Amino acid sequence: MSTSWLISIPCQPGTNTFEQIHKKVTVEQQLCSCYRFELPKLRVGKLDTLVTLSDSLQKDDSAVEATLWRLQRQYKEWNGSDVLRVQGQNLLDYIIGFRWSEEKFASSEPLANIVQAILEQVHTFEEELKKRTSDYAQRKQVVEAEQRKSSGSLMVRSLEGLIDPEKCTETEHLTTVFLVIPKYNEKEFLACYEKLSSLVVPRSAQRWTQDNEWILYSITVFRSCIEELKKNAREKRYHIREYSPKNTSQIGTEQQQQEQSIESLESLRLRHLEWITTAFSETAIAWTHLKAVRLFVESVLRFGLPVQIETMLLLVYPKAQSKLLKALDKITSQWISGSPEYYYKSSSTNDDRYASLLGISIQEQLYPFILLEWNIAGKESSN
């Protein structure tokens, strides 16, 4: 996706400012696509309020942007796709066709109130996302633990269904012990298992099953030497598994509970995706309105009253940033050359000046237009 800029330029009496810019940078020089970005009649308020807002809006802008992309990343993690819509459109199309929503943010309100309403709404989404992410992660861990019991390695999975209880020995003095051993240790185990305790029944080793890494064996021992067996088995890194046969009813109940847990987790995932769809759209709308407020505040502080500005969205073509900056500088400098309060040239070189506008040292000079970079692509931005 191309780089996106919001710019603000003082309107020129007797001329269509937008058409002039569009003709120069889009039609003639083919440096960008140019769209109107219309602002409502916002309340200017007091100068000290504008200065305070100007100081905080960059940080607020970055915070709202970060929330938006966190919503998108979480959506992709849960759904495998990062395609989200804003009022039925992709984000870029919504921004291109932006119209201020009086229903959501009344333009008659003080600017500080509008910003506060935006930040409160987005903060609510941020906190809710944290809760939903944590809730889903915990539920998923439980389900995965249950699944490991039936489909994990022999170290963790349930032994139910792998063992025939009728082939096990359980008497007053004898019991069957199940051991999970590494595959590479099978020969060693068969050679030494009768010496794991003083009372192991000779030739009682029975091989039940294996997976990629482990083999399940059982041996018959006297109950009186169980602790000795456990101690010696641990020293040889053989893992003893407890096993208590379950009846058919218990097995059926556990399987049903596991299926219900999986279905419940999937239902939760779908509900969370539905919520993110709404939260992303509302956050994108809030972010766009915050950008509009920020552009307005910077314009008033730069160009003064009355507010007579042309605001535009530029989608910069690849590798055209430097040329576009120079073109805008040349066009707008000529327009307001008689208004030095708008424009101060430093003693730095031209390259330094344009690098400055790109963000390297933007405080060193002013330009005859306001420029805000807009990270619509979804990567972290420093603007």
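With a relative accessibility of 11%, E126 counts as buried in this predicted model. The side chain of E126 meets that of R70 in a salt bridge, with 3.1 Å from N to O. R70 sits in helix α2 (residues 47–79) and E126 in helix α4 (residues 111–151), so this pair ties together parts that are 56 residues apart in sequence.

In total, the structure holds 14 salt bridges. Here are three of them, side by side:

| Salt bridge | N to O distance |
|---|---|
| R70 and E126 | 3.1 Å |
| K230 and E242 | 4.0 Å |
| E266 and R269 | 2.7 Å |

K230 is partly exposed at 25% relative accessibility, whereas E242, at 62%, counts as exposed.

The salt bridge of E266 with R269 stays inside one helix: both residues are in α7, three residues apart, and are separated by about one helical turn. E266 is partly exposed, with a relative accessible area of 34%. R269, by contrast, is buried, with a value of 15%. Elsewhere, salt bridges that share partners join E19, R36 and E310 into one network.

How values were computed:
Residues numbered from 1 in each chain as written. Predicted model: local features only at pLDDT ≥ 70, side-chain atom pairs only at ≥ 80, totals over all residues. Heavy atoms only, no water. Helix = DSSP H or I, 4+ residues; strand = E, 2+ residues; numbered from the N terminus. Buried < 20%, exposed > 50% of the residue type's maximum accessible area, 1.4 Å probe, protein only.
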